[in-house]
Amino acid sequence: MESSPDPLKALYAFYAAKGLPVNMHIDLTYECPLNCVHCFAKGSESVHPALMDTRMVKGLLDQAADLGVLEVVFSGGEPLLRKDLWELVEYARQLRFVVRLKTSGIYLRSQDIDFMASLGLVWVDISLHGGRPETHDAVTRVPGSFDKAMAAILDLHKAGIRVQVNSSALRFNYQEVPELQARFHDMGIGNGITMWVMPSETKGEAPQAYAMEHDAFVHVSLAMLQKNGGHPPHTDGYDLSEPLCYAGRSAMHVGPDGLVHPCVAWPVVAGDLKQQGLREIWFDSPLFKRIRSWFMRDRVQCKTCNLFGYCNFCPGRAFQATGDSLMPYPDACTTAQWTREAYEQFFGSAPDAPGKGPKDR
Ligand code: SF4
Ligand code: SF4
């Protein structure tokens with residue numbers, strides 16, 4: 001399926017082919033001032049007290065530089081709650097990483113923006129979940145959060161800092177999201193829509209209750225096709241010799257507690273930085289080795305599926321839903337069917353789009 005152009009994509013593929021990590025996502029805290037209805041995050045430090053301290057995060061950055069990582073993402077929770085955040089950002093820039101900061105934007109001060117601009121190559125991701133204050137604030141459950149996020153986006157853009165505005169399309173905001181994203185597109189600001197709600201380890205099914213249902217999902221899918229154009233699905237099939245995704249191949253995630261995972265969406269542990277070095281975890285972890293041995297053809301129950309080309313399969317979500325990272329899960333199968341419907345409405349037809357290549361494993 002068509003996705004928006006990403007200049008890092010070729011670099012990721014190049015690194016993945018060499019078995020090197022290009023991207024490291026580090027969550028610095030569990031705490032967040034927002035309380036988003038659909039958030040999967042684990043909650044507070046009173047439940048998870050053992051955070052990496054400044055010295056440990058700097059040591060991790062040293063090891064990541066040694067390993068050849070190019071891009072570091074600082075996230076949380078809300079990373080601006082860390083008193084040492086700007087010290088860590090500056091240290092990461094001294095090590096020549098591209099730094100991305102994922103924040104709600106509500107604590108960003110003008111001096112922080114000036115500081116980021118002075119460092120160069122610090123990019124910011126901000127979430128905005130509605131075109132009207134009351135919609136976004138209903139998602140975050142914090143009055144005034146829309147105004148603060150919007151001000152931060154505009155100030156960052158004005159300062160010449162690359163901003164990406166991400167919106168989750170949910171059951172009650174989906175009609176506003178495509179237009180909101182188009183507005184940022186027209187302003188030259190990066191934008192993206194998340195169509196799925198991640199399961200939560202600690203909140204049960206509560207976030208899932210906000211996921212879009214059929215009509216909403218087709219509506220947003222059609223809006224995205226109208227905006228991005230795209231190609232009809234390949235009728236000659238999708239290459240089954242491709243890796244599942246970048247997780248564990250050219251990207252990894254480190255939790256606030258120093259545990260290393262393939263991706264924030266894939267809650268399996270490859271190693272513990274309190275006991276092991278990053279190089280040892282990256283190259284020797286049995287989990288990472290296993291993930292790197294998996295290709296699309298190893299999704300045994302998917303490889304003959306006629307919805308393969310419409311499906312946004314995520315091994316992390318598969319693991320959370322079924323306990324097996326290669327198994328189909330209901331959310332993927334349902335939304336693949338809905339995506340097919342959107343394609344049919346947009347292109348006039350939606351042919352079968354199976355996998356191709358060796359199916360004998
Ligand atoms: S497909 Fe899932 S596990 Fe893989 S990178 Fe994307 S979110 Fe992470
Ligand atoms: S729709 Fe379901 S069975 Fe088909 S490829 Fe996706 S996850 Fe697999």
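Helix axes are lines fitted to C-alpha atoms over the stretch in contact, and angles between them run from 0 to 180 degrees between N-to-C directions. Helices (H or I, at least four residues) and strands (E, at least two) are DSSP runs, numbered from the N terminus. The model is predicted: local features need pLDDT of at least 70 and side-chain atom pairs count only at pLDDT 80 or more, while totals for chains, interfaces and linings use all residues. Residues are numbered from 1 along each chain as its sequence is written, and chains are lettered from A and ligands numbered from 1 in the order in which they are written.

The chain has 12 helices and 11 strands. Its radius of gyration (taken over C-alpha atoms) is compared with a globule rule, 2.2 Å times the number of residues to the power 0.38. The value is 20 Å, close to the 21 Å that the rule gives for 361 residues, so the chain is as compact as a globular protein of that length. The C-alpha trace spans about 55 × 50 × 35 Å along its principal axes.

Angles under 35 degrees count as roughly parallel, over 145 as roughly antiparallel, 65 to 115 as roughly perpendicular and the rest as oblique. Two residues are in contact if their C-beta atoms, placed from the backbone, lie within 7 Å. For residue classes, Ala, Val, Leu, Ile, Met, Phe, Trp, Tyr, Cys and Pro count as nonpolar, Asp, Glu, Lys and Arg as charged, and the others, Gly among them, as polar.

Helix 3 (residues 85–94) and helix 4 (residues 110–119) pack at about 10 degrees with their axes 10 Å apart, which makes helix 3 roughly parallel to helix 4. Here Trp86, Val89, Glu90 and Arg93 of helix 3 meet Asp112, Phe115 and Leu119 of helix 4. This contact has 4 nonpolar, no polar and 3 charged residues. Gly77 is in the loop between strand 2 (71–75) and helix 3, and the peptide bond from Gly76 to Gly77 is cis, with omega near 15 degrees. Arg96 lies in the loop between helix 3 and strand 3 (98–103); its phi is near 75 degrees, a positive value in a residue other than glycine.

Helix 5 (residues 133–140) and helix 6 (residues 145–158) pack at about 105 degrees, with axes 8 Å apart, so helix 5 is roughly perpendicular to helix 6. Pro133, His136, Asp137 and Thr140 of helix 5 make the contact with Ser145, Phe146 and Asp147 of helix 6. By class there are 2 nonpolar, 3 polar and 2 charged residues in this contact.

The axes of helix 8 (residues 214–228) and helix 12 (residues 330–347) come within 9 Å and cross at roughly 50 degrees, so helix 8 is oblique to helix 12. Their contact includes Phe217 and Leu225 of helix 8 and Trp338 and Phe346 of helix 12. Its residues divide into 7 nonpolar, 5 polar and 1 charged.

Last come the ligands; a residue is near a molecule if its C-beta atom, placed from the backbone, lies within 6 Å of it. Around ligand 1 are Cys245, Tyr246, Ala247, Cys263, Ala265, Trp266, Cys314, Pro315 and Gly316, that is, 8 nonpolar, 1 polar and no charged residues. The residues around ligand 2 include Gln301, Cys302, Cys305, Cys311 and Cys333. That shell has 10 nonpolar, 1 polar and no charged residues.
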